[in-house]
Amino acid sequence: MTFTLILEQTFNGLQAGVTLFLVAAGLTLILGIMDFVFLAHGSQVMIGAYAAAAITLATGNFYLGVLLAIPVTFASGYLLEYLIIRHLYRRDHMEQVLATFGLILFFNEAIRVSFGPAALFSDLPPSLSGFVEILPATPYPAYRLGVIIVGLLCAVGIHLLVSRTRIGAMVRAGANNPEMTAALGINIKILFRFIFATGACLAGVAGMMLGPLTAVQPGMGEPLLILSLVVIIIGGIGSVRGAFVAAIIVGLVDTLGRVFLPAILRLFVEQATADGAGPALASMLVYILMAVVLIFRPTGLFPAKG
Amino acid sequence: MSGLAHFLTLASDGMKANRLFWLLIAGFAFFPIFTHFADLPFWNDVAMRIMLLGMAAMGLNLVLGYGGMVSFGHAAFIGIGAYCVGIGDFYGLTNGWAHMLLGIVVCGLMGLVIGYLALRTSGIYFIMITLAFAQMLFFLFVSLEQFGGDDGMSIDRAEFGFIDLYNPLRLYFLIWVTLALVGLGLMFIVHSRFGVTLRAIKSNESRIEAMGLEPLQFKITGYVISAVICGLAGVLFANWQEYVSPDIMHWTRSGELMIIIILGGLGTLAGPLLGAIVFLLLEESLPIMLDSVAPAYAENWMILFGPLLIMVVMFGRGGLVGLLAAQRQSKNNPKRTKAGQ
Amino acid sequence: MSQPVLNLQKLNKSFGALKATSDLSMTVMPGEIHALIGPNGAGKTTLIQQIYGALKPDSGQVSLNGSEITKLSVPDRVRAGIGRSFQISNVLMDFTVMENGIIAEQARLGHSFRFLQPAFSDAVLIEGAKAILQRVGLEKRAEQRVGDLAHGERRMLELALALAASPSLLLLDEPMAGAGPEDSQRMAEIIEALRGKVAILLIEHDMDAVFRLADRLTVMVEGAVIAAGTVAEISANEAVKLAYLGGEE
C-alpha cells in the first residue's frame, strides 16, 4: 500500500520534472547564452496549451490538436523574437525585465479577450484516458505515463541536438564564450532566433501536455516559469544538462514533499504542529533546496561557463 | 552650530536640491482639502494607494536606482510588513506602533538573510534568486491555513495611541507623515558617505574594492534599509486595506514597483513617487478610456498597458524626472537639450 | 639589508593544463621601482592578480611587509598597503574628478558607514580629495566629469586614487598603454617622483621607459623567473637576450 503510493508519487514527480525540463531547457539557453531576462516564457506555455486545446475542441481530435499546435508555438516564438526581443538584447537587464513583463500582461489579456476568462477543458481521447499497470496490481494513468515518455524523448532529442549537431556545437561555444562565438563568424542572429523559437516550442509542448491535466487558463504558465527559474538556478544558467538533472530533482522533491513531509514530520513532532507546519514547509522545500545549492555552489550544479 | 541647527541646515539644503519631491509631498498634504470641496472622497483612497506604492518603490529605488541591484522580489517585504499586522492582530497584539516595530525588525532580518544569499551572485542570477525567494514567501503564506491561507485574513485597523485610524483623514496623514519621513531619510542617505559609496559601487565595483572597501557590506546594508522601507509600507498597506492576503506579495507587484520606478525616473528621489502617481492614474483612467471606445473590453485595459510598458522601455529613457529635467534645461539653455544631472 | 615590502615565495598557479605561474619567488624592496618584464603570455598580469588578491595561488606565499597576506581578500590587501592601477583605466566614470577624490578620501579614512552628513560637501573630505588630486596635477580639472576626461587624464586620476591611501606597494599594470608621447612623459615624471617614497612593481611594454625608470628588473618567461637584477645586469644577461630581448630585435 505505502510502496504503491510512493511509486505512484515518484511517477508523478517524474512527470512534473520532465514538464519542468521542457520549460527550463529553452529558458536556460535564453538566459545563459543570450544573457536575456525573458519572463514571458510562461506565456509560451500558455500559448501552446491554448493552441492545442482550441484545435482539439474544433476538430475533436486530440492528436491533431497537438500536432498542429507545435508549429504554432514555434512560429509564435520566431515572430516574437523577430518583432520585439531582438531589439532588446543590448538593453540592460532591468529594461528586459520590464519589457517582457509587459509582454506577459499583454499575452494574458489577449488570451482573456479571445477565449474568455474561464478555463478551457478538453477531454482526453479514450486511448489515453485508461490506466497502465506499471507493476502488477499498480495501475497508473496512461496519459501521465505518456507525458513522462514524451518528455524523456524530448530530453534525448535535445541532448542529441546539443551534443551531435553543428547547431549544438554553436550553442555550446556560445554558452562558454559569447564574444568568441561572434568572432568566429557564427551568425549569432540566426542562432538566437533558432534557440528562441525552439525554446518557445518546447515550452509550448509542456503546455499542451499539461492542458488535459490542469486548467487551461490565462496566466497558467507563470507558476511554471518561476519553478523553472529555480530549476535553472540549481542546474546552472546555460546548462541544458543541469536543467535536466535539476528539473527531475525539483519535480520529485516538490511532489514527494507535499505528499510525505507532513507524515514524516508527524514522526518527530506533535500531530497538530506537523499538520500546520508540514504543508508550509513542503511548499518552501524546493526554494530551501535552491538556497542550499546557492550557499555551496553559487553558480549551480553544472555551471556552463568556466 | 548646535546639532539641531546643523540638521535643519542640511535638511533645507537637501529640500532645495530635491524641490520636485517636496512639492509633491506638499501637494499630498493639501489634496484632502481639494477632495473635500470637490466632493471626491474616492480620490483620497487613490492618493493613499499612490503614497503607499510610492513609498515601497522609494525603498526599492535605493537598491535598484542607486545601488544597481535589480531586485525582483521586493513585494515580499511589503507582504511581510502586512502580515506583521495580520499575525500580530491574530495573537492579540493590536498596537500599531508595535506592528511597525515588528515590521521593521522582521523585514530587516529577512532582508539580511535574502540579501546575504542573493548578493553572492549578480546579473541575471540575482534577479532570478530575489524573485524565487519572494515566491517562496508567497507560497509559505498561501499554505499557512491558520492565517487564512489563500483567502487571507481580514484585520481591524491598529491602535496608534491617539491616532484613530477609522477616521480616514488620520489614516491619510499617518501615511503622509511616514512617506515624508522616509523621503527625508532617503534624501540624507543617498548623499551621505554610505550612499555615495553605494552609488560608486553601481558605477564601478572593482574600483571600490581597490580603495579597500568591501562592496558586499554596503550592498547588504542598502538591501536591508530598502527591505525595511517596503515593510513599513506593508504595515500601513494592511491598515489601509483592513485585509491581508498573499496577493499583496504576488510577484507581479514586484514588477509593478519596478515599472513605477522606471516610469518616474531611476535613481532620483522624486521618481518613484511621480511614477506611482502616473501608474495609478493610468490604472484608473485606462478602463474609463476603454469604456468609452469599446465598453465590452473595459476590464481588459492590461492589453494596452503591456505594450505601453514595452514602448516606455524602448523609447523613454530617464523616466519622467529625466524628461522634466531636460525640459527645464532646454528652457534655460536652448542649445543643449540632453537630460542632465 | 632592510625587510622587503613584497616577498613572493614559490607561487604556483595553473589554469587547467596551462601553468601560468611556476615556482615563482621574487622580492620588491622599499622605495624601489621594480619592473616586471617578459613576452606576451609570460604570466605578468596573472602574477599581479595574485599579489593583488583577485586570484588565489594554488600554492606558495605572498607576504607584505613581513606578514603573510596569501589568504586575504582584495579590500583587506588594499588596507594592508597595496595600491593598484589597472590595464584599462579603472575609475568612477559617472562621477566628477573631485567626487572620485572624495570617495577615495573617505575610503582612506575608513568611515564610510555614515548616513547623515552629505559626503560631497564635507569640508574634511574635500581637503583630503584636493591633496589626492594635487599629487598628479588634476586639481584644476576637479569639476570635470570623468567620462569627459581625456585618456591620459583618466590614467592620472587612477594613479591618484591608487596612491590615495599611501600604500607601501604600488602595482602599475601598463600605466603608459594607449597613451600619447606627452602623456607617457608626464606619467614617467610622476613615477620618477615616487622613487624612494613607495615601492613600485611596474609592468610596462615601453622598454625605453622601463630602462629609464627601473631600479631592478625581473624577467618572466612562461610563468617562471629567468633573470633578476639591475638594468645593467639584465642588459648583459645572455639568457634574457636569447629568450626575450633578442626575439624582439
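Reader: In β5(C), which residue is the bridge partner of C:Ser63?
Author: C:Glu68. This is a predicted model, where local features need pLDDT of at least 70, side-chain atom pairs count only at pLDDT 80 or more, and totals for chains, interfaces and linings use all residues. Residues are numbered from 1 along each chain as its sequence is written, while chains are lettered from A and ligands numbered from 1 in the order in which they are written.

Reader: OK, and how do β4 and β5(C) pair?
Author: Antiparallel, over 2 bridges, with β4 of chain C covering residues 59-64. Strands here are DSSP E runs of at least two residues, helices are H or I runs of at least four, both numbered from the N terminus, and pairing takes at least two DSSP bridges.

Reader: What's the strand order in that sheet?
Author: β2-β1-β4-β5 in chain C, an open sheet of 4 strands with antiparallel pairing. β2 (18-28) and β5 (67-68) sit at its edges, each pairing on one side only.

Reader: Switching topic: how many residues do chains A and B put into their contact?
Author: Chain A gives 38 residues and chain B gives 38 residues. Contact is C-beta atoms, placed from the backbone, within 7 Å.

Reader: Which element has the largest share on the chain A side?
Author: α4(A), with 16 residues. Elements giving two or more residues there are α4 (93-115), α9 (222-235) and α11 (271-296) of chain A.

Reader: And what's chain A made of?
Author: 11 helices and 2 strands. From the N terminus, the run is α-α-α-α-β-β-α-α-α-α-α-α-α. The C-alpha trace of chain A spans about 60 × 50 × 35 Å along its principal axes.

Key:
Two residues are in contact if their C-beta atoms, placed from the backbone, lie within 7 Å.
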